[in-house]
Amino acid sequence: MDHGTSPATSVYGGVSGPSTTGSTGATPARSVKRPRPVKSCLECRRRKLRCDRLFPCCQCQKSQRTCRYVADGETGSPSDGSDADVPERAAKRNCGTPSQDTSQRNNKASAAMLDEHEARLGRLEKILLARPSSVPESSSHNKRPNASPLTIRGLTVKGGLRTRFFGQNSTRVLVNLSSGITFSRTNSSDATEQFLNIQKIHEALQDEHRKVTTPIAVFVESMTPIQKRMADLLPSKAVCDTLMNIYLNGSETIYRVLHVPSFRNQYDRYWEGNLQPDAFLPQLLSIICIGYRFLGIGKCQYHDREGVHIATASALVRIWLEGLRGKQLVEFSTLQAEILQLMAQRMINPQSQEFWAHLGLIVRRAMTMGLHRDPSEFPQKISPFWGEQRRKLWYTILELDVHMSMQCNLPCCIQEANFNCLPPRNLNDDEIHPLIDQLPPSKPIDQHTDSRIQVFAASTLAMRLKVADLVNRIDSLQDYQQIIALGNELERAFEDVRCIVPLSHSGNMNEVRRQWVSRVVLDMNCRRPLLALYRPFALSSPDAPQQIVTGYLRSSMILLSYLDELDPSSPDYQQFWHMLHIVMKQDILQAAFSVCYYIKQATGDAASPQSSTWGSVSKPDSVENSYTIAAESSIILSLPRLRNTVQKTLDGMIKRIREIETDIKDLISLTVVFNMVQGGSPEQKRDAVKKGMQAILDAGLQSIHTNHENIASMPVRIPFYIEETVLTWNQTDYAITALGAN
């Protein structure tokens, strides 16, 4: 007897074949899986891998995964709780239906799963509740940064088709912070006459600058060979000696383009009448242009035999570069001439965006020559001398790229992952030569060499590239953590600078000046990115962390106080003052406007809604409190010190009113803002602004060699217009308004 068991039943009790069609009213039994003891780890079962059932198993060790087994008493579903799919025993006739058994098992599994999730949530809650007690006070660091668009970018659209982008470093962006500043007037004719005369001076200086920046046609359009024209433009050897030394001491520090002994050898042989490579004269002309611009105030305003006409020299070098073909384009000397020509052109053309675009071409030219790869990895052996020269030139290009990108608030052409070229060694140029078999070991960074400034700058390049990237994606930041972390790294770099180049108290003035130049260049190299990193928040976000507010204000003051270390009565003071304003003109202007912003908060004159909130609710006195805390942290941040520093900076800029890089519109903007933020009655503010405008007018009259009587008879090409209570300088980048008393 079979006791009712079907012949088709397997040894496990499951049905192994179809049911008999002859039986009526019988329903086929469904096969269900039964859970088996879990032996493999969860990851191996999920990935269907062979598990050795050790802890951790070999599969998890290979793939570096977390090895986990089902705990004792833990219930899993049939799909993931067994190692193989096996048929299960058929339900007995005297038991409940399969559907009832399945639902009971599912209910038990669901209850166990809920218990497990409840336990996990409890553990997670304990972790989250314990976290704030172990974290220092950094709640403001975790807030989403709220930078105003006024401090990040600007865009002008003209005619619907012409657009121009202005980043946070643009003067007009900084002026927008003071858009609520007005100055009252009772006698509009005085202000009108001042502005009319200043506009006439502005037009006269612009005409003079156009002549200075226009190449001399007799040189540029001549059919004489280009090498002959460049030779004819050179000044005498004595003048060239002086200008070349100025370039080598002032520019060949962080921007290492030349091997100085090799270039001096070519230079001496050229004046002896020996034929030199084609790239020598273009390089020499560019060097002479840079040295002549650094020589002193008032230079390059006209062509004389004691100097060089920078626009003409730069144009001739550009003609020579554009005439190269084929293999000449990828020669190392050609790339050197290209970089020097770019640096010379910057001496007379302040348009940063044009140089940013031109620098992109130089970067790609260098990469096609393989300068972004370290010379040691090429199968064709590169001599140690030329390998080191390639490294110096590549890091010069990197420095230019980072600087111009932050100046324009545009992305860098190069990212850290795009190159593996090692930084140059801390060596003097005369320690290496073309026939050297092996480079000497690098000297300690605190030992002065020709390459020390570039070597130290290379050590901070990674963080400065991060800053340039971060500044261009500020809108995507979720908190202040990245900003604070990068700011701390840059602050540590300042400490390194003070240790490497300490203040010198030597009686040797040459040593004192050399130390000062090294310290300023190294400090400025890290101070610029720190200011660019903090500026969008320090000047707009009321909830910015105190570290950002204090760090930004202190850095602005330090940048404006570089010259305080030098003796104004020393013979070289004026030259260093002149060089600093050429190199850092935009940085000085930004720092002065920034200090004015904090003077405005300190005097309680910050009633403008633009200076308190931008689409967010915040305490109106948060910026004032931040300044108060910052002022208490250092004496250089006190209100009298801020005022004196800005006034001294403004006076120095007015003295340079005739210089090419000076824009009278910038002077007017800073003068109005500075005199309006110092507080006082409307009459006091008006008198202060008129006094500041008179200083600009007097300096302008002296620069164009005229007087008040003659300026009155000069015509005005772009007239002012007056509408009741508003006085506006029409068709300029900035609108300086004089509103009537409320």
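Predicted model: local features only at pLDDT ≥ 70, side-chain atom pairs only at ≥ 80, totals over all residues.
Residues are numbered from 1 along each chain as its sequence is written, and side-chain values use heavy atoms, with hydrogens and water left out. Helices (H or I, at least four residues) are DSSP runs numbered from the N terminus.

**Helix pairs**

- Helix 17 (residues 481–500) and helix 18 (residues 509–538) have axes, meaning lines fitted to C-alpha atoms over the stretch in contact, that come within 10 Å and cross at roughly 160°, on a scale from 0 to 180 degrees between N-to-C directions.
- That angle makes helix 17 roughly antiparallel to helix 18, a term that applies to angles over 145 degrees, whereas under 35 counts as roughly parallel, 65 to 115 as roughly perpendicular and the rest as oblique.
- The crossing of helix 17 and helix 18 is left-handed, which is to say that the near helix is turned anticlockwise from the far one by less than a right angle.
- Among the residues in contact (heavy atoms within 4.5 Å) are Leu 486, Leu 490 and Phe 494 of helix 17, which meet a set in helix 18 including Leu 522, Cys 526, Leu 530 and Leu 533.
- By class, this contact of helix 17 with helix 18 has 13 nonpolar, one polar and four charged residues, where Ala, Val, Leu, Ile, Met, Phe, Trp, Tyr, Cys and Pro count as nonpolar, Asp, Glu, Lys and Arg as charged, and the others, Gly among them, as polar.
- Helix 8 (residues 237–250) and helix 9 (residues 260–271) pack at about 170° with their axes 12 Å apart, and are therefore roughly antiparallel to each other.
- Their contact includes Cys 240, Met 244 and Leu 248 of helix 8 together with Phe 263, Tyr 267 and Trp 271 of helix 9, and its residues divide into seven nonpolar, one polar and three charged.
- Helix 10 (residues 280–295) and helix 20 (residues 573–583) pack at an angle of about 120°, their axes being 8 Å apart, and are therefore oblique to each other.
- From helix 10, Arg 293, Phe 294 and Leu 295 meet Gln 575, His 578, Met 579, Ile 582 and Val 583 of helix 20, giving a contact of five nonpolar, two polar and one charged residues.

**Second largest cavity**

- The second largest cavity is lined by His 581, Lys 585, Ile 588, Met 653, Arg 656, Glu 661, Thr 662, Asp 663, Asp 666 and Leu 667; a cavity is a set of points on a 1 Å grid over the protein atoms alone where a 1.4 Å probe fits but cannot get out, and lining residues have an atom within 4 Å of a point.
- Helix 21 (585–602) and helix 24 (664–676) each supply at least two residues of this lining, which by class has three nonpolar, two polar and five charged residues.

**Backbone features**

- The peptide bond from Phe 55 to Pro 56 is cis, with omega near -5°, and Pro 56 lies in the loop between helix 1 (42–47) and helix 2 (58–63).
- Lys 48 has a positive phi of about 60° although it is not a glycine, and its place is also in the loop between helix 1 and helix 2.
- Most residues other than glycine have a negative phi, and most peptide bonds are trans.

Notes: 1 Å grid on protein atoms, 1.4 Å probe; cavity = no way out; pocket = protein on both sides within 12 Å on 5 of 7 lines; lining within 4 Å.
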